[in-house]
Structures are given as C-alpha cells and as structure tokens.
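Have a look at the model first, and then follow along with what I looked up.

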Amino acid sequence: MQKGDVAPDFKLNDQQGNERTLSTMLLNGPVVLFFYPAAMTKGCTKESCHFRDLAADFAALGGQRLGVSMDSVAKQAEFTTKNALDYPLLADVKGDVAQLYGVKRSLDFLKVKRTTFVIGQDRRVAEVINSELSMTAHADKSLAALRLLKS
C-alpha cells in the first residue's frame, strides 16, 4: 500500500469482541490505522501509549486511532486495560488484514512490519509511516498528515 492507493475494507473484532469495519469507521472521519508487532512488548507499549497520550490532538483533527496486531481479542483486552488505552485495538489473528496492507512478514515471530496508514474518508491512503525504531514517529507523523487532510 502506498500513498494515493484505495485502502482495502476489512472486518475485525476489537478488544471487546465488537466487530469493526474500516468503511464504518470512516463515516466518522479519517482513520489512523497502525500495525504493531505484538501487544505487551516494550516498543509496542511505548508506541500505543504515545497514540493514547495524543488523544486530544487526534480528536481536534477528527482522526480516529485504530491499532492492529495479530494478537487475540483477549490479549488486546489485557493490553488495553494494562495501559489505559482509549481507542480500539483490532485482533488480526490470522494476519489477513496485515497481508492486504502489505505489512505481514514471512517470519511468524516478527509478525508484522510496524507501519501506520492515514486514511481519508474517501478511503485513499493519505500517508504511510514506516519506522521500526522510532516509537513516537507514527503518532507524530500521523498528526501532520491529518493536518494536511484538514487544510
């Protein structure tokens, strides 16, 4: 997936077992879809908490945060509770959505490439953020992309 591509729609359960679809989420504003390798790990916790800490900034720009990993619904629920995350975490257990977005790794223990997609309400990818090492870059660069979408 690259900037300008149409983001594939998908259906996954969140940490509460509720079904979420991209198309439904987009009715309420742009979506920041971030893939992370594994709940409860140091880097993913730092990244997810940074998205949490910037909640007001995302809300001001109408951006909806959606985290996705190949963890189970139960693991996503535990991760949410432990870190007081205030946004949906989606369970892509088989990696089908990660595959659709081109971020699934061939090696199972690494699971997915840490990648964020900022998706406009027209389902076009406005920005793609790739960084395996900077846990704050994903949220920070997503906000910059949302500002451009809004202008």
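**Entry 1: a loop residue**

Where is Ala-84 found? I located Ala-84 in the loop between H4 and S5. A caveat I noted at once is that this is a predicted model. I looked up the backbone of Ala-84 next, and its phi is near 50°, a positive value in a residue other than glycine. I wrote a reminder beside that: most residues other than glycine have a negative phi. Is Ala-84 buried or exposed? Its relative accessibility is 55%, and the cut-off for exposed is over 50%, so Ala-84 counts as exposed.

**Entry 2: the helix before it**

I stepped back to H4, which Ala-84 follows.

**Entry 3: another positive phi**

I also checked Arg-123, which is not a glycine and yet has a positive phi of about 70°. Arg-123 sits in the loop between strand S6 (115-119) and S7. With 27% relative accessibility, Arg-123 counts as partly exposed.

In strand S7 (residues 125-130) I picked out Ala-126. Which residues does Ala-126 touch, not counting those up to four places away in sequence? I got Lys-3, Val-118 and Leu-149. For a distance across the model, I took Ala-126 and Gly-17: they are 109 residues apart in sequence, and their C-alpha atoms are 29 Å apart in space.

**Entry 4: Phe-10**

I moved to Phe-10, which lies in the segment before strand S1 (11-14). Phe-10 counts as buried because its relative accessibility is 7%, and the cut-off for buried is under 20%. Leaving aside neighbours within four places in sequence, I found Phe-10 in contact with Arg-20, Thr-21, Leu-22, Leu-33, Leu-90, Val-97 and Tyr-101. I also looked up the C-alpha separation between Phe-10 and Arg-114, and it is 19 Å for 104 residues along the chain.

**Entry 5: the whole chain**

How many helices and strands are there in the protein? I have six helices and seven strands, and along the sequence they follow the pattern β-β-α-β-α-α-β-α-β-α-β-β-α.

For the overall dimensions, I noted that the C-alpha trace spans about 40 × 30 × 30 Å along its principal axes. The radius of gyration is 14 Å, and this agrees with a compact globule, because one of 151 residues would have a value near 15 Å.

Buried residues make up 50% of the 151 residues. Among contacts between residues at least 6 apart in sequence, 64% join residues at least 24 apart. The protein exposes about 7200 Å², with 51% of it supplied by carbon and sulfur atoms.

Notes:
Residues numbered from 1 in each chain as written. Predicted model: local features only at pLDDT ≥ 70, side-chain atom pairs only at ≥ 80, totals over all residues. Heavy atoms only, no water. Helix = DSSP H or I, 4+ residues; strand = E, 2+ residues; numbered from the N terminus. Rg over C-alpha atoms; globule rule 2.2 N^0.38 Å. Buried < 20%, exposed > 50% of the residue type's maximum accessible area, 1.4 Å probe, protein only. Contact = heavy atoms within 4.5 Å. Areas by Shrake-Rupley, 256 points an atom, 1.4 Å probe, with all protein chains shown as cover.
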